[in-house]
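Here is a short briefing for a reader new to this structure. It starts with the overall picture and then turns to the aromatic rings.

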Amino acid sequence: MKKFNIRKVLDGLKEASCSAPSVQVGPQENHLIQETLQSDHFQLCKTVRHGFPYQPSSMAFDPVQKILAIGSQGGALRLFGRPGVECYCQHESGAAVIQLQFLINEGALVSALADDTVHLWNLRQKRPAILHSLKFNRERITFCHLPFQSKWLYIGTERGNIHIVNVESFMLSGYVIMWNKAIELSSKAHPGPVVHISDNPMDEGKLIIGFESGIVVLWDLKCKKADYRYTHDEAIHSVAWHHEGKQFICSHSDGTLTIWNVRGQGKPIQTITPHGKQPKDGKKPEPCKPILKVEYKTTRNGEPFIIFSGGLSYDTVGRRPCLTVMHGKSTAVLEMDYPIVDFLTLCETPYPNDFQEPYAVVVLLEKDLVVIDLAQNGYPIFENPYPLTIHESPVTCCEYFADCPVDLIPALYSVGSRQKRQGYSKKEWPISGGNWGQGTQSYPEMIITGHADGTVKFWDASAIMLQVLYKLKTAKVFDRNRSKEDKGSTEISDEDPFAIQIMAWCPESRMLCVAGVSANVIIYRFSKLEVTTEVVQLLEVRMQYELNETDSPEGGGYGGEQTSAHHTPGASPQTSGPPSHPSTSSNNSDGGNMPCLKVRSTPLKQSPGYQVDLVVQLVWVNGEPPQPITSLALNSSYGLVVFGNSNGLAVVDYVQKTVVLNLGTLELYGSGDPYQRQPRSPRKTRQPSGGLCDINEGSATSEDRCKSPTSVLMSNSNLQQFYNGGGRGAKMSRKLSLPTELKPDLVLLSVCPPRGGNPLDHRDNSFSRSRSSSVTSIDKEAREYVNSFHFCETFTRKGDSTLTPCLYVGTSVGAVLALAVTLPPAGEQRQLQPVIVSPVGMLVRLKGSIMRMAFLDSTGALLPPAHEPWYEPNITADGEEKVRKRRPVSVSPSTSQDLSESQYAVVCSEKQAKVMSLPSQTCIYKHNITETSFILRSDVVQMSQGVCVACFCANGHIMTLSVPGLRPLMDVNYLPLTDMRIARTFCFTNLGQAMYLCSPTEIQRITYSQDTCENLQELLGELFTPVETPEAPNRGFFKGLFGGGAQSLDREELFGEIAAGKASRSLAQHIPGPGGIEGMKGAASGVVGDLARARIALDERGQKLGELDERTAAMMASADSFSKHAHEMMLKCKDKKWYQF
């Protein structure tokens, strides 16, 4: 293989390759089109992240601002306010977030990480930033506690010590609670890490400290000693106070809850095993699973709530994780779909010393967020308004559309609103903080996601929001019940037989076409009316790849033949049954299996929305399973759908429900194969991989594999599922291109392997099928496959003078081939006369497989493919007379001079881009985009100022090129290809928008438009809104008179530098954060920034001087008081004799 010593990522040379010397393209003619796009129209930035936080680890809630924060194992921080207000931040270290604490109603948040750092986030700006960080060097952080309206943060460590941090300056106090001082002689062993810290709700001077071993200490902060110690022989997981501060509750590792009186030493006043079976003979109940967290919340007019997670008995095997709500004598066990990470009870008051009045519980699960209404009977859940269900079934492919027709989102919303579940809480969603952004975006945007279970979801993505509109279940078309013989083998391919692989959608006509992993294509029409389909229309297509090893490379055996007689291009449709035939995919006796899906034979009730129009299935031929579909396109104006794979392509007329063309790849070339391929080595057997497998990260060791991650597809023996974190067989669904150079150890994608299949050994045209080994590159190279299509009205042949419908086909060896489409007249004739599609020959060849094709008119404007407007398909008989006409094409050359250069074809492969002039078919511009890498996704997109080619390269670069001149306009090293998910889901769309799945559960949207980057601040929502803090609870007359109300504490006096001294410098290191005040962001260097910093410094100095003044005044007052007392004492004793004392 050729080695590249110099990394040429962008080759800016425009070479003119004269492929047709008969047509001279003068230099002056090349520049007739004035290119409007310039480099300064482009800027790359992340806009917003949607979806459920991947691998969540912690959670916090601000009860006054009503904002929820979720931290993840990857160091991500997601903040949620009202629906539509959300924010994503990332800790640079990427360490797991172990705890979050809001500075309630202050617009700030403290995060503690697994790398023993504590960070202070400023939430008063649209993009939160870190103000301060503190890195502990000698101790590991296990628990943090920040009391309400306090600036002193308690940090518990693994060694059992507690350090105190000033959150304003992020400096450590010299006051430390050492573990040995806390427990003294009450225990002979080390008490373990600190698992809980909280102050007594009625006395801020008393701190409760829970140690893992089971010891709880009530520490007197002023006296610096332990008031009480409570020991239990079971490990502690969490502690919670009763609001009156006289009792607390602990949860333990044996599934018990213990309730203690603060003054009662020794034993707990009550021990409960909520889920333990109570033996009759008075013995202890059986131990249960640990109760990981407990909360104790009081109500003014009723019994308190005890809410906890875990604690189920060990004999409940297979039971789902539960949250238990104990209220008075009733106990409700609420089952969850996923393991519980954390939960929080939302209460009416932020004050811990008042009746809590809980109204909801937020439960953070591993893959979901659930909010339970505590005020309604039965504890119903709230309907979640956030777009957190992207991963409900793993995403296998997605498409992004900006500037859709305006009536589309309302139409999808109206049919989708009928799909909503019932039984939710009637109340408003309780997380309601923040404000929406002020900016307006004028164009609608949509994202469509295809999933592993066969569902397709339509999302409204306008103005950086995301909301699900409509959900389509494609699996309804198929029979789910398998026969008994089939159930014996649980192959990986059976795991997700309905998974969506590719989607093609026409927004104007609302036609949808999806290709599944089981080699099926389903065509849908959109209808607002319900309909019952008696028989699902089915077409069966036989596409066969014949390998006659004795043939020459150009021999006919290379093509994809049908099992029936050989046919000429444009032959009559070949199907295995009449269009209305209710049969299912073939029961192939020679394969001995039913590998692909069985279409349902019973009537199908179809709700308003997308309704199936036609199912096309590839069937087994001579024991060969159908190859996976690698490309798909539809054109609503022509009524055609085309799909291709490594055998060839098939064109289906969905109006007449027939196959118009079924061609092997070689036959597309017409008279002969223009490439001299190397003779293949004779092989008796060939073994593709079993399912649609994906890259096993870290296993591609050879240099060649590293060059092309998309082509390294591992065998099934070491499958790794990337779309939901492992465990099941992966399904790869983007049309990933295999580069054309020979590479060793490449595996061909193959779907629907035999379920138990005995390998066949036919010398000539069949291959042994096994599930584990791979295909060598020789076979891969030999099999050219179809991987892109483009319908257009253009000059099909060289020198044509009229525009005709045409289908361009791009292949994996870089060839662009034309097929002429002859359509019958619109109306009744369209229903009766056949559509004729015939190969014309090759237009151009590029390096690498063809990714994208587009056409421009003579002014350089993008020519959209012809389409028809949407109409209601389920109309009554008298309405069926409506004649559907094809949309007139926008380009109609008027003069013969224009005809010489009337259109431009833009073709992008995984290595280079070319612009062809039509009808002369001359290459006028060429640009080598990358030499050392390859392109994963490219699109020809419409920006507000013009048209460009946008490319995402495997080396992480995002590039744009001008059209038609192919000048590099932007090249940003954005994101190295860390996993296959990004490659498979990356999409560009118009107006500078792009997206990809950054994790199995989250969509990251980015923009490459300068305009959008500039307006982004206005579009983003505000998290912090000025809100009055509620009034503190009234102490009451008698409590004020006799004491017993909440005791306050001057923490400054205890923990400040004057009283406590300085902390050891080696203990922790202070790191100033990058994000100060929002205004300082733009003007960090320069006069404004200096002034801002000077002002802050002055403020801080003023504050310190003010504090000094206060202290001086306090000392003077204290001295006055002392002199007064001394004077009184002197007067009292002045006249007394010595014996009177």
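Accessible areas come from the Shrake-Rupley method with a 1.4 Å probe; for residues, only the protein chains shown count as cover. By that method the protein chain exposes about 48500 Å², with 51% supplied by carbon and sulfur atoms. This is a predicted model: local features need pLDDT of at least 70, side-chain atom pairs count only at pLDDT 80 or more, and totals for chains, interfaces and linings use all residues. Residues are numbered from 1 along each chain as its sequence is written, and side-chain values use heavy atoms, leaving out hydrogens and water.

**Overall build**
- The protein chain has 14 helices and 61 strands (DSSP runs numbered from the N terminus: helices H or I, at least four residues; strands E, at least two).
- Of its 1141 residues, 57% count as buried (under 20% relative accessible area, 1.4 Å probe, protein chains only).

**Aromatic pairs**
- The whole structure holds 27 aromatic pairs (ring centres of Phe, Tyr or Trp, its six-membered ring, within 6.5 Å; planes under 30 degrees apart are stacked, over 60 edge-to-face, the rest tilted).
- Tyr175 and Phe1055 pair edge-to-face, 5.0 Å centre to centre, with 80° between the planes.
- Tyr175 is in strand S13 and Phe1055 in helix H11, 880 residues apart.
- Tyr175 counts as buried because its relative accessibility is 4%.
- Phe401 and Trp505 also pair edge-to-face, at 4.8 Å and 75°.
- Both Phe401 and Trp505 are buried.

**Charge over a ring**
- Arg510 lies over the face of Trp870, 4.3 Å from the ring centre (NZ of Lys or CZ of Arg within 6 Å of the centre and within 35 degrees of the ring normal).

Methods. Buried < 20%, exposed > 50% of the residue type's maximum accessible area, 1.4 Å probe, protein only.
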